[in-house]
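Work through these exercises with the model open in your viewer. Try each task before you read its solution.

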Amino acid sequence: MSGRKHHYLPQLIQRPFAYRQQGKQFYVHAHHRTRGRFTPNTSGLGKELDFYGGPEDTSLDEAITRGEDALAETVQAINRGDAVAPADMATLVCALAFRTKSMREAFVEMLPPIVEGLRTTLLNPLSIRRDLMASLTDPKEQKRLIHEQIEKTFGRLPRERRAKIYGTILPRWRTYVAEQEVQLVAQAWGMAYGVMSKLRDEASTVAHGAFLKALAKDPAMPARANQLASKMEFTCIATSPREFFILGDCGPFAIFTDGKARLVTSSFTDGAEIEKVFLPVSPSRCIVGSVPHSSPLPGVADINRFSASLSLEFFVSNHDTGLALDSLRSSIGSLVPIDTEDDIIQSMSRHLK
């Protein structure tokens, strides 16, 4: 990567899918959701202006670039048929999983329903009253609510003045709660409503910033990679002579224990955990990680279908036609990348009760 246009689907993973190479230029068949089929150079595909930050801060883009040589070597080694350590395969999967545009957009779309789930719980008057009643027996909750009430009534005060008022209220807090219950619940509801409304309005901006901060902590995601390598058995599967893998712009994807395909991240659905991960690294090879004793592997056609359906805009291939590529192109974006809005809201409501 260089300049302000950043590859969210790096060339190191696109190039093995090239149908033609001219010097250092690699050309692929791109199958786009709206643009149809075209044959771009990988240097111009899967990139976006300032995707990892603007010119005022290039540190994330530079950090990602520094790690790409090692990732490229892993891809090349697999495609040469060399033995590759499971940890290196897991690192490649994790490094590519979170940086894609598919993941970023899914993350951005996920935050509003998370906020809505919080709103549903936090703005429940019964829940607010329960928290208020808890302050009668929980010293920490009592202290928090008393200080909140002091600030609402008197504004910000010097420490000595606040402490004096606190000492006056504390002995009669139970009586105060009984007398002011309706008003206190209404005040708490109003504050929660204001905070959650503002957060919902700013959810998209907050999510974009959170995505970049999470990625900036470590673009290679070593903790996640170590976790996958410890829980999964990694291998590389090959196609038959009449089959070929495609590469979706989602990069890696996963199949969960509930049978659904999602991006390689946590699910809000109770009990749904990653069972398998997949990353096609060439038309003839695909990395597969599976938990022990998991269900049988899907075939090439199903892997391609999941890859296309979880992609945001396009997939690449070294073929222009064949293996139902037109059908795969029409399926782009047809699967929910993480969880549905209803699933997220219901899960948040259950776990916050």
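The exercises below go from the whole chain to single residues, and the model is a predicted one.

**Exercise 1. The whole chain**

Task: Find how many helices and strands the protein has, and what share of its residues is buried.

Solution. 
- Step 1. Count the elements. The protein has 14 helices and 13 strands.
- Step 2. Turn to burial. The chain has 353 residues, and 45% of them count as buried.
- Step 3. The accessible area is about 17,900 Å². Carbon and sulfur atoms supply 53% of that area.
- Step 4. Check the contacts. Take those between residues at least 6 apart in sequence: 72% join residues at least 24 apart.

**Exercise 2. A helix and its surroundings**

Task: Decide whether helix α12 is largely enclosed or largely open.

Solution. 
- Step 1. Locate the helix. α12 covers residues 300-309.
- Step 2. Set the cut-off. A residue is buried under 20% relative accessible area.
- Step 3. List the residues that pass. They are Val300, Ile303, Asn304, Phe306, Ser307, Ala308 and Ser309.
- Step 4. Conclude. Seven of the ten residues are buried, so α12 is largely enclosed by the rest of the structure.

**Exercise 3. A threonine in a loop**

Solution. 
- Step 1. Look for a polar partner. A polar side-chain atom of Thr239 lies 3.4 Å from the backbone oxygen of Glu243.
- Step 2. List the neighbours, leaving out residues up to four places away in sequence. Thr239 touches Phe244, Phe245, Pro283, Ser284 and Val300. Val300 is also one of the buried residues of α12.

**Exercise 4. A proline and its contacts**

Task: Find what Pro16 touches beyond four places in sequence.

Solution. 
- Step 1. Locate Pro16. It is in the loop between α1 (11-14) and β2 (20-22).
- Step 2. At 25% relative accessibility, Pro16 is partly exposed.
- Step 3. List the contacts. Pro16 touches Val75, Asn79, Val281, Ser282 and Pro283.
- Step 4. Compare sequence with space. Pro16 and Pro280 are 264 residues apart in sequence, yet their C-alpha atoms are 9.8 Å apart.

**Exercise 5. Aromatic rings and charges**

Task: Work out which kind of aromatic pair Tyr8 and Phe51 form.

Solution. 
- Step 1. Start with the total. The structure holds seven aromatic pairs.
- Step 2. Read the geometry. The ring centres of Tyr8 and Phe51 are 5.3 Å apart, with 45° between the planes; this pair is tilted.
- Step 3. Tyr8 lies in the loop between β1 (5-7) and α1, and Phe51 in the loop between β6 (47-49) and α2 (59-66). The two are 43 residues apart.
- Step 4. Follow Phe51 to its next partner. The centres of Phe51 and Tyr52 are 5.0 Å apart and the planes stand at 85°, so this pair is edge-to-face.
- Step 5. Check burial. Tyr8 is buried at 3%, Phe51 at 2% and Tyr52 at 2%.
- Step 6. Widen the view. Tyr8, Phe51 and Tyr52 belong to one aromatic cluster that includes Phe98, Phe107 and Phe211.
- Step 7. The charged end of Arg104 sits over the Phe51 ring, 4.7 Å from its centre. Arg20 lies over the face of Tyr27, 4.3 Å from the ring centre.

Definitions and conventions: Residues are numbered from 1 along each chain as its sequence is written. This is a predicted model: local features need pLDDT of at least 70, side-chain atom pairs count only at pLDDT 80 or more; totals for chains, interfaces and linings use all residues. Side-chain values use heavy atoms; hydrogens and water are left out. Helices (H or I, at least four residues) and strands (E, at least two) are DSSP runs, numbered from the N terminus. Buried means under 20% relative accessible area, exposed over 50%, partly exposed in between (1.4 Å probe, protein chains only). Contact means heavy atoms within 4.5 Å. Accessible areas come from the Shrake-Rupley method with a 1.4 Å probe; for residues, only the protein chains shown count as cover. Rings of Phe, Tyr and Trp (its six-membered ring) pair if their centres lie within 6.5 Å; planes under 30 degrees apart count as stacked, over 60 as edge-to-face and the rest as tilted. A charge sits over a ring if NZ of Lys or CZ of Arg is within 6 Å of the ring centre and within 35 degrees of the ring normal. A polar contact is a pair of N or O atoms within 3.5 Å; within protein, one must be able to donate a hydrogen and the other to accept it, and residues adjacent in sequence count only if both atoms are side-chain atoms.
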